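Please look over the model below with me before we discuss it further. I have set out my reading as numbered points, so that each can be checked in turn.

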Amino acid sequence: MQKWEIRNFKKENYSDVARIYQTGIDGRNATFQKEVPTFEAWDQKYLDVCRFVVMEDGVVIGWAALLPFSGMPSYRGVAELSIYIDPATAGKGIGTALMAHIVSKSEEAGFWTLQSLIFPENTASIALHRKFGFKTLCIHEKLGEMDGVFRDVALLERRSDVVGK
């Protein structure tokens with residue numbers, strides 16, 4: 001039986017969101033970021049809509065949020081997706097449930113395209129995205145530098161079947 005639930009993000013969830021974000025930084029396979037942003041920086045970075053957390057026993061064990069693709073009105077329905085799951089909870093189906101939730105809610109909010117930038121070595125994240133219809137558009141070779149090494153980044157995209165037709 002499932003003991004967790006997906007809720008809208010609240011400011012008081014940020015310490016757990018930051019803890020999970022730190023695991024992504026520490027793993028060196030989820031982000032180029034070197035430190036967790038302050039709440040204020042995180043809050044400015046992500047859109048106000050489609051911010052979700054997965055809660056288990058009052059603790060956040062996963063989160064997902066959308067970033068704007070562009071400030072131009074013509075791109076209002078395009079967003080970049082961030083999704084992070086606490087590695088200690090792997091294998092519980094949390095990523096699948098959270099991805100299904102944010103895809104559905106993003107369509108309700110009028111988004112017709114979701115994009116993700118993922119290190120090709122992060123095969124679990126790529127598999128999760130593909131499960132929900134994301135396609136790899138390209139591999140940006142040596143797009144960013146981490147620890148003195150230039151890393152490739154895959155660009156994945158999902159087009160809605162219900163919005164923007």
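The points below go from the basis of the model to its helices, its cores and a few single residues.

1. Basis. This is a predicted model, in which local features need pLDDT of at least 70 and side-chain atom pairs count only at pLDDT 80 or more, while totals for chains, interfaces and linings use all residues. Residues are numbered from 1 along each chain as its sequence is written, and side-chain values use heavy atoms, with hydrogens and water left out.

2. Annotated span. An unreviewed UniProt entry places the feature "domain: N-acetyltransferase" at residues 4-157; such annotations may be inferred rather than shown by experiment, and the positions follow the numbering used here, with feature names shortened. In the model this span is 29% helix and 36% strand, and its end C-alpha atoms lie 28 Å apart. Helices (H or I, at least four residues) and strands (E, at least two) are DSSP runs, numbered from the N terminus.

3. Helix α1. The buried residues of α1 include Tyr14, Val17, Ile20 and Ile25, where buried means under 20% relative accessible area, exposed over 50%, and partly exposed in between (1.4 Å probe, protein chains only). Among the elements that cover these buried residues are α2 (39-45), β2 (51-56), β3 (59-68) and β4, a cover that is judged by contact, meaning heavy atoms within 4.5 Å. After α1 comes Arg28, with a positive phi near 60°.

4. Helix α4. In α4 (residues 123-131), the buried residues are Ser125, Ile126, Leu128 and His129. They lie on the same side of α4 because they cover an arc of only 160° around the axis, the arc being that of the directions from the helix axis to the C-beta atoms. Thr123, Ala124 and Lys131 are exposed on the face turned away from that buried side. The cover over the buried residues includes β4 (78-85), α3 (94-108), β5 (113-118) and β7.

5. Cores. A nonpolar core is a set of buried Ala, Val, Leu, Ile, Met, Phe, Trp, Tyr and Cys residues joined through side-chain atoms within 4.5 Å. The largest has 24 residues, of which Leu66, Leu81, Met99, Ile102, Leu114 and Phe134 touch the most other members. Two or more residues of this core come from each of β2, β3, β4, α3, β5, α4 and β7, and α3 gives the largest share, five residues. A second, separate core of 17 residues includes Tyr14, Ile25, Val53 and Tyr84.

6. Ile83, in strand β4, is buried, with a relative accessible area of 15%. Beyond its neighbours within four places in sequence, Ile83 is in contact with residues including Trp63, Met99, Leu128 and His129. Ser116 lies in strand β5 and counts as buried because its relative accessibility is 1%. A polar atom of the Ser116 side chain lies 3.4 Å from the backbone oxygen of Leu81.

7. Ser160. Why does Ser160 count as buried? Ser160 does so because its relative accessibility is 5%, and its place is in the segment after β7 (149-159). The side chain of Ser160 reaches the backbone nitrogen of Val162 at 2.9 Å.

Methods. A polar contact is a pair of N or O atoms within 3.5 Å; within protein, one must be able to donate a hydrogen and the other to accept it, and residues adjacent in sequence count only if both atoms are side-chain atoms.
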